[in-house]
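Dear colleague,

I am passing on the structure that follows, together with notes on what came out of going through it. Please read the notes with the model open beside you.

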Amino acid sequence: MASALVAPRRQESVDELPPRPELSVVGGLRERTHPVPGAEGRARRRANRKKVTHSRPLRVTTAAVLIACVVFGLVLLHIHVAQTSFQISDLQRHVAQMHSDNQRLRYEVARAESPEQIVEMSRVLGLVPPSDHLRLQGAVVPAGHPTDQSVPAGGSTSR
Amino acid sequence: MPRPKPHLRLLALFVAMLLCSGVLAGRLFLLQVMDSGRMSAIASDQRLRTLTLPAHRGSILASDGSELAITLETHSVYASPREVSDPWSVAGALSPVLGVDVSVLADKLSADSGFVYLARWLEPEVAEKVQALDLRGLGVVREPKRHYPAGTLASQVIGFVGDENKGLGGLESQYDSLLTGRPGRAVLERDPSGRVIPVGVSSIEEAVQGNDLVLTLDRQIQYEAEAALARAVDRWNARGGTIVVMDPRTGDLLAMANNPNFDPNDIRSSKASDRRNRAVTDVVEPGSVSKMITAAAALEKGVVAPDEIMRVEDSLRIGDKLFTDSHPHPALNLSFAQVLQTSSNVGTIKVAERMGRETLHEYLVRFGFGSRTGLGLPGESPGILAAPERWWRTSLGTIAIGHGVAVTPLQLARSYATLANGGTAVQPNLIRATVDSSGNLHFPPSPAGERVIEQDTARALTAMLVGVTESSSGTGRAAAVPGYHVAGKTGTAQKPKSGSAGYSGYISSFVGFAPAEDPRLVVSVVLDDPVPFLSGETAAVTFQEVMEFSLRRLAVERSPGMSERSPAVTAASAGR
């Protein structure tokens, strides 16, 4: 049923109205066999209007989504930067602590290796300074080596 | 009454909102436009913090890279007494942790002050326990503290620092600017909790860490020198002494020992007199040790030959002064070499008279007497050597045998290093290298030495000095080292009284080098007032101990033809 998209008419007096024409059954809709001048353009414009009507919301939505993604990305980036900065600060504190620990360990090693400590530990272990020193003369060669000079036992040393 | 029409209510609401907005907008305009500068500054003040980044003080290392001085991070506990509500309660809680008396802590916590240290330079574990107590008004701050892991080893050479880690003595003072580095600066944005705002303003100028010093000191030789010195002081009841060990080829100082000693980890328990480096600050009359220079000058000038025979009495009068030998003896025909070996004063003075005061003074200066060594240690003395025009009639004789002149033990060592180095002077040196904050090594320049005497003169004199330790009449036989030719000289000098005329006590010394044919080490031993005072019985013995250890430590080849049971060893054993 065709909808009447017309503005409601002002009600006139019955006397003013023209006589109603005779009603008759109109035949079925006939396919147009001959192009109506301007009809194609009108049809195209109708189609375009439909397209425009349908694509605008899409673009707005797409743009909004893109902008939201960018903003979200920026926020994520800032969060990442902030987290990384905290990590860097933590690592720097860690490095400083490691440096401090390293210094302390170097100190402990130096103390343990000091001659005074070694002498004291030697004393505790019952070690005594040697009363004599053995000196070796000549090259020391393993027995059976091709260059073994067979140095006599005791002859190469001096006390 | 008719009700207001809806559109008038809306209008009224609109006007009211407009007015409010106008007020807000106006206020915003005032704050953000008109007052923006001031507000910005206040905000920056609140957020921005400027921190000083302390520079880490460089370490002092021995020649083998082991630490002799190192800075550790420690923790100090402080309090804001005005924020402490119950000082005695807090003191009671802290006392067992800090190991400080409750009343001492309570006194500090009751002070009318905003800041007070309760305990400084604590171990991290102790600081953690204090923090765990969570007491109001207390805090822990990190402070650097200098530590000396080797204790008293080379303490006068290394020196010490004050409470603010500034060098106050020795190398710590001499190289303070190099060791300190340069502090940095950080400008950071912080939130109200004090945390750094990661993406905020930040500007950091990194601190430049202090340089490390690598010394020429050998830890083991230094320890042995100090131990031998302590034994000597104890055995012969000496007031103290010094030992210097030097490489004559390079001037590197391998040891510089002083007695008495001190622990730089506990400065407050030491006396100022114990902290001075006597090897460079104290001057002594060298006595017969300086006869080496008289002999060198005479040989160089050709006024005497080593084998020239001289008539030597046991006394010689010059003006109103009578010079005598150490022991009475009849007139002897001695070679100049024997004059030196027996340390005859009369024979030496006779030779000195042949060359005159100007020549003797010239060679004393060329061998380093009367001027600083250039080592640069704080308090180094140049010694005392008067100009020849100020010498008295008897000064030539006096100075020729080592009196009337004063030198430091280091100057003595350097003079013998010149002889050992073939007659070329060598600059004493304590710094092998410095290490900058990037880890790069920097070596100090080695200035070329001046030739003092010809090599032939040096060789001839060395042979004469070997006789001091090896000939039967030598005064230094106790200094002989088994397996090595040792060249050296004994010296026994009376000590001038301080503050008045006359003498009191003796200085006993022995200076020598080995192996004589290819010197690797010079050792100078000076003992203050030992009993007995003869250096052949005291300083020479200590010299032998230190030289033997040092030669073995450096694995120096024995002298050719020398066995362990050489005649020198036999004589040395008999002489002790």
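The second largest pocket is lined by 50 residues, and those nearest its centre are Ser288(B), Asn345(B), Ile401(B), His403(B) and Thr492(B). A pocket here is an open set of points on a 1 Å grid over the protein atoms alone, where a 1.4 Å probe fits and protein lies on both sides within 12 Å along at least five of seven lines, and a lining residue has an atom within 4 Å of a point. Two or more lining residues come from each of strand 15 (321–324), strand 16 (332–335), helix 15 (395–400), strand 19 (487–496) and strand 20 (503–514) of chain B. Strand 19 of chain B gives the most to this lining, with 5 residues. Helices (H or I, at least four residues) and strands (E, at least two) are DSSP runs numbered from the N terminus. The second largest pocket holds about 1500 Å³ of space, a volume being the space filled by probe spheres set on grid points that are joined across faces, edges and corners. Its lining divides into 18 nonpolar, 25 polar and 7 charged residues, where Ala, Val, Leu, Ile, Met, Phe, Trp, Tyr, Cys and Pro count as nonpolar, Asp, Glu, Lys and Arg as charged, and the others, Gly among them, as polar.

Before the rest, a word on conventions. This is a predicted model, in which local features need pLDDT of at least 70 and side-chain atom pairs count only at pLDDT 80 or more, while totals for chains, interfaces and linings use all residues. Residues are numbered from 1 along each chain as its sequence is written, chains are lettered from A and ligands numbered from 1 in the order in which they are written, and side-chain values use heavy atoms, with hydrogens and water left out.

The largest pocket has a volume of about 2000 Å³. It is lined by 48 residues, of which Gln92(A), Ala96(A), Leu53(B), Pro54(B) and Glu73(B) are the closest to its centre. Helix 1 (39–113) of chain A supplies at least two residues of this lining, as do several strands of chain B, among them strand 1 (48–53), strand 3 (67–79) and strand 5 (138–147). The greatest contribution, 13 residues, is that of helix 1 of chain A. By class, the lining of the largest pocket has 21 nonpolar, 15 polar and 12 charged residues.

Chain A itself has 2 helices and 2 strands, which run α-α-β-β from the N terminus on. Of its 159 residues, 7% count as buried, buried meaning under 20% relative accessible area, exposed over 50% and partly exposed in between (1.4 Å probe, protein chains only).

Over all chains, 28 salt bridges are found, each being a side-chain nitrogen of Lys or Arg within 4 Å of a carboxyl oxygen of Asp or Glu. One of them is formed by the side chains of Arg104(A) and Glu123(B), at 2.9 Å from N to O. Because Arg104(A) lies in helix 1 of chain A and Glu123(B) in the loop between strand 4 and helix 5 (124–133) of chain B, this pair joins two chains. Arg104(A) is buried at 18% relative accessibility, whereas Glu123(B) is partly exposed at 36%.

Within chain B, Arg57(B) and Asp176(B) meet in a salt bridge at 2.9 Å, N to O. Arg57(B) sits in the loop between strand 1 and strand 2 (60–61) and Asp176(B) in helix 8 (residues 176–180), so the pair ties together parts that are 119 residues apart in sequence. Both Arg57(B) and Asp176(B) are buried, and they belong to a network of salt bridges that also links Arg146(B), Lys166(B) and Glu172(B). A further salt bridge, at 2.7 Å from N to O, is that of Arg142(B) with Glu73(B). Arg142(B) is in strand 5 and Glu73(B) in strand 3 of chain B, 69 residues apart.

Some backbone features also deserve a look. Cis peptide bonds join Asn259(B) to Pro260(B), with omega of about 5 degrees, and Ala514(B) to Pro515(B), with omega of about -15 degrees. Asp134(B), which is not a glycine, has a positive phi near 55 degrees and is exposed at 66% relative accessibility. Asp529(B) likewise has a positive phi, of about 60 degrees, but is buried at 18%.

With best regards
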